[in-house]
Amino acid sequence: MKNVVVVGAQWGDEGKGKVVDILAPHFDIVARYQGGHNAGHTVRIGDRKFILRLIPSGILHEECSCVIGNGVVVDPRAFNAELQELREAGVECEGRLFISSRAHLILPYHVALDRVREERLGANSVGTTMRGIGPAYEDKASRTGIRAGDLQYPALLREKLRVNIEEKNLELISMRVPPMDFDSTLDDFLGEALQLKPFIRDTAT
């Protein structure tokens, strides 16, 4: 087999993670190409249970390299938590796990906007997981989002974040939600996001 794409054709929970786990030993690379950490791919190996939300389930196979592609929106805090769980389970990720430098990142204001929008809709809410995934994709589409590769350029990152927070605060204030503070948001974000740097690569080449 050269390439195989596993696509869910329903509303989720089709067992994509299990299928990828079965196929992974036959491939060198397992890549996730879209979505965020609202996924929940459950894989059992012997009596051990793994739930993977961001990291491809191929990571459980030592011969596989895993890629989080540019179509994925990555929450740094969720990535770090999942990575720590794998490390504690004895799964080696360094040198085998890569994040596309073009993947967009989920920031605290994405989560805040997701939550307040859902709450305002009440009975007509969309039913999102309120993890900031939709708002992050909005920024990706409008070309204003912060990408993993931006972590390599502190001055650029700081300016993009400043502009974005000013814009997001206008919406938050219009919905009578306190605005976000730039300095505390920057510190909170960098505390988690900088831990991604060793995994960031140009995964297209």
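Predicted model: local features only at pLDDT ≥ 70, side-chain atom pairs only at ≥ 80, totals over all residues.
Two packed helices are described by the angle between their axes and the distance between the axes. For helix 3 (residues 108-121) and helix 5 (residues 154-174), the angle is about 15° and the axes are 11 Å apart. Angles under 35 degrees count as roughly parallel, and helix 3 and helix 5 are therefore roughly parallel to each other. Their crossing is left-handed. On the side of helix 3, the contact is formed by Tyr109, Ala112, Leu113, Val116 and Arg117, which meet Leu161, Asn164, Ile165, Lys168, Glu171 and Leu172 of helix 5. Seven of the residues in this contact are nonpolar, one is polar and three are charged.

Helix 5 also packs with helix 6, the two axes coming within 11 Å and crossing at roughly 125°. Helix 5 and helix 6 are therefore oblique to each other, and their crossing is right-handed. Here Leu157, Arg158, Leu161, Arg162 and Ile165 of helix 5 meet Phe182, Asp183, Thr185, Leu186, Phe189 and Leu190 of helix 6. The residues of this contact comprise seven nonpolar, one polar and three charged. Leu161 and Ile165 of helix 5 are listed in the contact with helix 3 and also in the contact with helix 6.

One aromatic pair is present in the structure. The ring centres of Phe79 and Phe199 lie 5.5 Å apart and the ring planes stand at 70°, so the pair is edge-to-face. Phe79 belongs to helix 2 (residues 76-88), whereas Phe199 lies in the loop between helix 6 (182-193) and strand 8 (200-201), so the pair ties together parts that are 120 residues apart in sequence. Phe79 and Phe199 are both buried.

Technical notes
Residues numbered from 1 in each chain as written. Heavy atoms only, no water. Axes fitted to C-alpha atoms, helices over the stretch in contact; angles between N-to-C directions. Helix = DSSP H or I, 4+ residues; strand = E, 2+ residues; numbered from the N terminus. Parallel < 35°, antiparallel > 145°, perpendicular 65-115°, else oblique. Left-handed = near helix turned anticlockwise from the far one by under 90°. Contact = heavy atoms within 4.5 Å. Nonpolar A, V, L, I, M, F, W, Y, C, P; charged D, E, K, R; others polar. Phe/Tyr/Trp six-rings, centres within 6.5 Å; stacked < 30°, edge-to-face > 60°. Buried < 20%, exposed > 50% of the residue type's maximum accessible area, 1.4 Å probe, protein only.
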